[in-house]
Amino acid sequence: MGFTDLLTDAGLAVLNNWLLTRSYITGFSASQADVAVFKALKSSPDAAKYPNAARWYKHIASYEDEFPTLSGDASQPYTVYGPEVAEVTLNPAKAPAAEEDDEDVDLFGSDDEEEDAEAARIREERLAEYKKKKDAKPKLAAKSLVTMDVKPWDDETDMAALEAAVRGIEKDGLVWGASKLVAVGFGIKKLQINLVVEDEKVSLDELQDQIAEFEDYVQSSDIAAMQKL
């Protein structure tokens, strides 16, 4: 059967089911098999309808700069892979041996211990190679989008000076965003300001402590909203 038309719902459903229990199209690491299927897709599958295929597509996209160096036969079309199709042998040394005499054939399919040991060794090497590549990739810093409310003492507080003082705080991993004044009653307005922080570099508690030091303007501050980016 194999993969037929990956641009139709039926073809994507076959791919999604194939990747239900697999991280790659064949084997234990990214190969030319993944490249062929990736290129045939044109774009990422709908994650809501095909979560396994979308997850695989996003992962393989991270290898795009390495496509020419991945193992396997780059000339193979994507249709040679998939259900009921023998996986491509990525290690020529493990190609099927010449046909043996009938008397040497094990009709009950008993395992060859040497072959099992060799297969286990190759699997471990591939897993180690994959882990090495994964560890070498730069990790994206975890960031949060924060909305902070900064409250003045009264309606006579200079809000322009208050905002200038707050924005004057500079930290590695801190970026100030848009702001607005929000009425809270009795003519008093609070400063509502957005900021993006790198979680490992910026402590929101420490940032609020710094803001509280502007005691001529600031009565208190609160985190109104926060979401991970």
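Contact means that heavy atoms lie within 4.5 Å. Helices (H or I, at least four residues) and strands (E, at least two) are DSSP runs, numbered from the N terminus. This is a predicted model, in which local features need pLDDT of at least 70 and side-chain atom pairs count only at pLDDT 80 or more, while totals for chains, interfaces and linings use all residues. Residues are numbered from 1 along each chain as its sequence is written, and side-chain values use heavy atoms, with hydrogens and water left out.

**Helices**

A residue is buried under 20% relative accessible area, exposed over 50% and partly exposed in between (1.4 Å probe, protein chains only). Helix H2 is largely enclosed by the rest of the structure, because 9 of its 10 residues are buried. Among them are Gln-32, Asp-34, Val-37 and Phe-38. The buried residues of H2 pack against H1 and H3. Just after H2, Lys-42 takes a positive phi of about 75°.

Helix H3 covers residues 51-61, and its buried residues are Asn-52, Ala-53, Ala-54, Trp-56, Tyr-57 and Ile-60. They pack against helix H1 (9-18) and helix H2 (32-41).

The loop between H1 and H2 holds Ser-29. With a relative accessible area of 12%, Ser-29 is buried. Apart from neighbours within four places in sequence, Ser-29 is in contact with Tyr-24, Asp-34 and Arg-126.

**Aromatic rings**

A pair of aromatic rings is described by the distance of the centres and the angle of the planes. Rings of Phe, Tyr and Trp (its six-membered ring) pair if their centres lie within 6.5 Å; planes under 30 degrees apart count as stacked, over 60 as edge-to-face and the rest as tilted. The structure holds 4 aromatic pairs. Two of these are set out here.

| Pair | Centre distance | Plane angle | Type |
|---|---|---|---|
| Phe-3 and Trp-18 | 6.1 Å | 90° | edge-to-face |
| Tyr-24 and Tyr-130 | 5.8 Å | 80° | edge-to-face |

Phe-3 lies in the segment before H1 and Trp-18 in helix H1, so their pair ties together parts that are 15 residues apart in sequence. Phe-3 is buried at a relative accessible area of 1%, and Trp-18 is buried at 10%. The pair of Tyr-24 and Tyr-130 links the loop between H1 and H2 to helix H4 (residues 113-136), 106 residues apart. Tyr-24 has 4% relative accessibility and counts as buried.

Ring pairs also link Phe-38, Tyr-57 and Phe-67 into a cluster.

A charge sits over a ring if NZ of Lys or CZ of Arg is within 6 Å of the ring centre and within 35 degrees of the ring normal. The charged end of Arg-22 sits over the ring of Trp-18, 3.6 Å from its centre.

**Strands**

Strand S1 (residues 143-152) is largely enclosed by the rest of the structure, because 7 of its 10 residues are buried. Two strands pair if DSSP finds at least two bridges between them. S1 and S3 run antiparallel and are joined by 8 bridges; S1 and strand S4 (residues 218-228) also run antiparallel, joined by 9 bridges. Ser-144 stands opposite Val-197 in S3 and opposite Lys-228 in S4.

Lys-190 is in strand S3 (residues 188-198). Is Lys-190 buried or exposed? Lys-190 counts as buried, because its relative accessibility is 15%. A polar contact is a pair of N or O atoms within 3.5 Å; within protein, one must be able to donate a hydrogen and the other to accept it, and residues adjacent in sequence count only if both atoms are side-chain atoms. The side chain of Lys-190 makes such a contact with the side chain of Asp-149, at 2.9 Å.
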